[in-house]
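Subject: Structure for you to look at

Hello,

Here is the structure I promised to pass on. Please open it first, then read my notes below.

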Amino acid sequence: MLENVRPAAPYEALVHTDHRAPDENNVLMGIRIDRSKRVKDARSEAQKEIEDYRKQKEDEFQKFEKEHTSGNKKAEEDASADADEQVKAIKAAGDKQGQKVVDDLLRIVTNVKPEAPERVTQPGQA
């Protein structure tokens, strides 16, 4: 049964191109050139579509990022404003009571009253 099966016509045409007339070889060459051109055109068109799709997705991502980072900017601004207020309050407290704190520290450091800890025995006590 397999003996009756013939190879496909395009395969047969490619195998027996040497036996054809020169005009048939020119036609086949033209067909090959046209096919190659169509493949190249399809590749370039596919590449263009890929680039367009990539650009579209990049634009969508930029839009998404812009929409969702605006909330973060607001939170950053609020936190920065709160931190600035706290720094101002600390500076105001330092300006108001800073000299008193320095004076108290100097007084404590310069007026030394040495005392032995309770667990240390005094000389002469036993």
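Accessible areas here come from the Shrake-Rupley method with a 1.4 Å probe. By that method, the protein chain has an accessible surface of about 12,300 Å². Carbon and sulfur atoms account for 56% of that surface. Keep in mind that this is a predicted model.

Now the fold. The protein chain has two helices and zero strands. It has 126 residues, and 2% of them count as buried.

Next, the charges. Side chains of opposite charge can pair when their charged atoms come close. The whole structure holds seven salt bridges.

- Glu51 and Arg54: their closest N and O atoms are 3.0 Å apart. Glu51 is partly exposed at 37% relative accessible area, and Arg54 is partly exposed at 49%.
- Asp59 and Lys55: the closest N and O atoms of this salt bridge are 3.3 Å apart. Asp59 is partly exposed at 41% relative accessibility. Lys55, at 55%, counts as exposed, because exposed means over 50%.
- Asp104 and Arg107: this salt bridge spans 3.4 Å, N to O. Asp104 is partly exposed at 25% relative accessible area, and so is Arg107 at 46%.

One last point. Lys100 joins Asp104 and Arg107 in a network of salt bridges.

Best wishes

Definitions and conventions
Residues numbered from 1 in each chain as written. Predicted model: local features only at pLDDT ≥ 70, side-chain atom pairs only at ≥ 80, totals over all residues. Heavy atoms only, no water. Helix = DSSP H or I, 4+ residues; strand = E, 2+ residues; numbered from the N terminus. Buried < 20%, exposed > 50% of the residue type's maximum accessible area, 1.4 Å probe, protein only. Salt bridge = Lys/Arg side-chain N within 4 Å of Asp/Glu carboxyl O.
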